[in-house]
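Dear colleague,

Please find the structure below, for your review.

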Number of protein chains: 2
Amino acid sequence: MNASRTARERVRAELTREITDIARRHLAVDGAAGLSLRAVAREMGMVSSAIYRYFPSRDDLLTALIIDGYNALGEAVEKADATVPRDDFTGRWLAVCRAVREWAVARPHEYALLYGSPVPGYRAPEDTIAPGARGVAVFGRIVAEAVAAERLAPPAVLPEPPPAIAPDAEVVRTLIPGASDDVISRAVTAWTGLFGMVSFEVFGQFTNTIDHRAEFFEHAMTCLARVLGLPA
Amino acid sequence: MNASRTARERVRAELTREITDIARRHLAVDGAAGLSLRAVAREMGMVSSAIYRYFPSRDDLLTALIIDGYNALGEAVEKADATVPRDDFTGRWLAVCRAVREWAVARPHEYALLYGSPVPGYRAPEDTIAPGARGVAVFGRIVAEAVAAERLAPPAVLPEPPPAIAPDAEVVRTLIPGASDDVISRAVTAWTGLFGMVSFEVFGQFTNTIDHRAEFFEHAMTCLARVLGLPA
DNA sequence: GTGTCGTCAAGAGCAGTGCTCTCGATTGCC
DNA sequence: GGCAATCGAGAGCACTGCTCTTGACGACAC
């Protein structure tokens with residue numbers, strides 16, 4: 001029956017998962033550069049060549065870890081968003097920000113794999129883009145719903161975006177339907193501001209400078225929300 | 001005489017410099033993970049063990065490259081700032097932003113070494129902090145001079161920073177004398193926003209999303225300047 | 001000028017890595 | 001029961017960072 005073949009595939013899936021789990025643990029300790037296929041194999045009681053039955057190369061293992069990471073972060077973001085009342089747009093944004101920061105601070109090496117220098121090859125493969133969009137999709141929904149509820153009031157202190165970026169805005173609008181180019185531009189800036197702040201903290205740029213990081217982060221994200229036009 | 005000993009030290013300094021030059025070229029091509037002491041030694045016509053007379057370990061070579069990188073970026077920022085009239089504060093800020101972006105886009109792997117995941121050890125050593133402050137010093141000067149010239153008018157749409165960050169603001173004030181906690185908070189946010197934007201672009205987060213990157217960058221940095229309070 | 005000492009490059013060698021290939025053994029399907 | 005696909009083990013290759021020893025060269029004191 002199919003059951004038998006399914007049994008084989010099941011143990012394969014289980015071993016694949018065990019490999020990524022161990023690899024993720026090693027990654028958390030040693031960083032991407034220190035992740036060794038042989039060490040993972042040793043811990044599994046396998047010989048190193050056996051790993052290649054499951055991942056054709058070390059880079060593919062890292063890519064799998066990247067995809068898992070994006071999904072884990074995306075899930076954390078989704079859960080954080082879900083804990084806040086739907087019409088508290090600023091609260092939802094702040095919850096998302098905190099989720100990203102806490103996820104990153106708890107696993108700096110994994111975060112570095114996602115948003116630091118991409119280790120495998122120069123550009124991460126296409127496969128990582130879709131799961132990477134999971135978190136930003138939540139953010140887009142928050143902004144879009146705020147727009148739809150007419151609760152978004154961007155302060156009129158910024159210039160209009162140049163027409164050149166209109167095609168890009170069109171692409172982003174699939175995530176934030178109903179938003180003007182100006183709102184889209186502010187949203188992208190807020191999103192990069194979030195990750196800029198988290199990266200600076202995780203990668204040590206705040207050493208000897210910002211010590212009260214949670215408080216400053218909270219304030220900075222509140223300011224980003226205001227500039228975006230989310231209610232105070 | 002000392003001349004002879006100086007001659008010896010001079011050839012040593014020259015070889016040290018040649019090593020870092022070759023290493024920097026390899027870094028630009030293969031990234032930090034692919035930098036090999038043996039490959040550098042081969043290109044120099046030396047045997048690999050000879051390199052250890054100049055750098056006690058691969059991590060020390062990388063640290064030297066980090067320091068050189070911070071200095072190069074800092075110099076690029078200083079030069080960019082110097083090309084703009086002293087009282088055109090917004091122009092100086094934009095010049096600094098463009099310098100950072102162009103430097104990063106031209107050498108993504110080197111930029112990743114500075115602002116992506118720190119490769120050697122978990123935290124870059126103390127030695128890298130001082131040269132790393134060179135760029136931010138320029139930025140601090142721009143803001144401080146704008147404050148002194150009473151040309152800084154931060155739009156009153158943001159909440160005041162919480163008292164908890166006052167001690168941190170005190171530290172940053174050494175870079176931006178005369179600035180209020182609010183201005184300092186905005187300045188830090190603008191600075192992290194700059195690097196968040198550059199990192200997103202260099203690390204490929206804008207793939208399939210933002211294509212007109214120079215134009216969007218220009219606009220976003222103009223907006224950050226406005227939020228900071230620099231004149232329109 | 002001679003001898004001594006510090007500096008240096010070369011070479012061999014060790015432990016570790018990613019990856020390939022071959023070879024039995026086991027498993028699943030007809 | 002036999003066939004074919006799958007899988008783990010093992011050996012091996014080329015490469016890495018790093019250590020240690022050896023021998024040569026240059027700088028200094030005498």
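This is a predicted model: local features need pLDDT of at least 70, side-chain atom pairs count only at pLDDT 80 or more; totals for chains, interfaces and linings use all residues.

Residues are numbered from 1 along each chain as its sequence is written, chains are lettered from A and ligands numbered from 1 in the order in which they are written, and side-chain values use heavy atoms, with hydrogens and water left out.

About 4,600 Å² is buried between chain A and chain B, 69% of it on carbon and sulfur atoms (accessible area, 1.4 Å probe, lost on being put together and summed over both parts). The count of salt bridges between the two chains is 0 (a side-chain nitrogen of Lys or Arg within 4 Å of a carboxyl oxygen of Asp or Glu).

In chain A, helix α4 (residues 58–82) packs on helix α7 (residues 129–148) at about 20°, with axes 6 Å apart. The pair is therefore roughly parallel (angles under 35 degrees). Residues of α4(A) in this contact include Ile67(A), Tyr70(A) and Gly74(A), and those of α7(A) include Pro131(A) and Val138(A).

In chain B, the axes of helix α4 (residues 58–82) and helix α5 (residues 89–106) come within 8 Å and cross at roughly 145°. Among the residues that meet there are Leu73(B) of α4(B) and Trp103(B) of α5(B).

Yours sincerely

Key:
Axes are lines fitted to C-alpha atoms, for helices over the stretch in contact, and angles run from 0 to 180 degrees between N-to-C directions. Helices (H or I, at least four residues) and strands (E, at least two) are DSSP runs, numbered from the N terminus. Angles under 35 degrees count as roughly parallel, over 145 as roughly antiparallel, 65 to 115 as roughly perpendicular and the rest as oblique. Contact means heavy atoms within 4.5 Å. Buried area is the accessible area (1.4 Å probe) that two parts lose on being put together, summed over both.
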